[in-house]
Amino acid sequence: MSQSTSQNKPTAFADRLAQAVRRTGSVTCVGLDPRLEQLPTSIRQIAESGAADAKAAAYTQFCCDIIDVVKDKVACVKPQAAFFEQLGPAGMVSLGQVIGYASDAGLLVITDGKRNDIGSTATAYAQAYLGAGDASPWGSDSLTVSPYLGRDSLEPFVEVCDERAAGVFVLVKTSNPGGGLLQDRVTDGQTIYARVAELVQELNQGRTGESGYGPIGAVVGATYPEQLAEMRAAMPTSWILIPGFGAQGGTAKDVIAGFDDAGMGAIVNNSRNLIFAHRRDEYSQKYGESRWQDAVSAATDEMNAVLATRIS
């Protein structure tokens, strides 16, 4: 998705995300996490041979069918690279096809790869993934990254964000129960996640756009609402990507604290409860597996409505 300003400069990622949220009226991010055993039978049959390229074709079809359903309902999608990588080279081709299809459909794409390293390796990751359309090989608008290697591991991503009007989401306080092993550890009177939040805020200095937000976002889980409120205050110029909603137990009430006073500044990811909605009792009875896309549509509408009610 490559919108431009009147000066013909690419619009900053944070501003494009704000525009997309306003245009769709949605803060939902649809996670594209294809799992072969949970696909509708009609899609799973594509992979009947068991070959990696057949499975990859099924993943591509499934994700593109979902994109067709949600493209006018949400601002962004988040393909999880691991499920594609699991299939080897064929899966990576599928991931590229899904990213391209989503971008062509007008959706912002956050590739969930949790990448990072140091020096030229970090630069290589950044140059590979960051940049919509033909600005990068993968064509992602944004990428999730790990801060564990320190500031110098994030700076190459920031530089490429500046060059290509892209964005990153830094892991700050993740939704999984075991994340506290390191993230909650206190050193010099401060938790590690709070120190990472400080760094994220520092990296956004001088980079905020018309929306008031910068390219360096943060991942903060819905399963820790008190910390989410703390992180919203600590990172006032960062978009927050909130995982953990739905299947992981996070609720609309839990995510409220992630938004600013205007109901902006955060997007809420939901994967399984949306893309496999046909397997949920309330939708399986109404639509059946043959109308699985209708189930995805209804589940997305429901999430949009619940979040709009809670946030307004």
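Which residue does the UniProt annotation "active site" cover? Select K114 to find out: the annotation, from an unreviewed entry, covers this residue. Keep in mind as you explore that the model on your screen is predicted.

**Stop one: K114**

You are in strand β3, which spans residues 108–115.

The side chains of D112 and K114 are joined by a polar contact of 2.7 Å.

**Stop two: a nonpolar patch**

Switch to a surface view and select I118, Y148, L149, L181, L182 and I192. Together they form a nonpolar patch on the surface, with about 620 Å² of accessible area. Pick out L149, one of the patch members. L149 sits in the loop between β4 (142–145) and α7 (151–164). With a relative accessible area of 40%, L149 is partly exposed.

**Stop three: A229**

Finally, go to helix α10, residues 225–234, where you will find A229. A229 counts as partly exposed because its relative accessibility is 33%. Select A124 as well and draw a line between the two C-alpha atoms: A229 and A124 are 34 Å apart in space. Along the sequence, 105 residues separate A229 from A124.

Key: Residues numbered from 1 in each chain as written. Predicted model: local features only at pLDDT ≥ 70, side-chain atom pairs only at ≥ 80, totals over all residues. Heavy atoms only, no water. UniProt positions renumbered as here; feature names shortened; annotations may be inferred. Helix = DSSP H or I, 4+ residues; strand = E, 2+ residues; numbered from the N terminus. Polar contact = N/O pair within 3.5 Å; in protein donor to acceptor, adjacent residues only side chain to side chain. Patch = residues over 30% accessible without salt bridge, like charges linked within 9 Å, V, L, I, M, F, W, Y side chains within 5 Å. Areas by Shrake-Rupley, 256 points an atom, 1.4 Å probe, with all protein chains shown as cover. Salt bridge = Lys/Arg side-chain N within 4 Å of Asp/Glu carboxyl O. Buried < 20%, exposed > 50% of the residue type's maximum accessible area, 1.4 Å probe, protein only.
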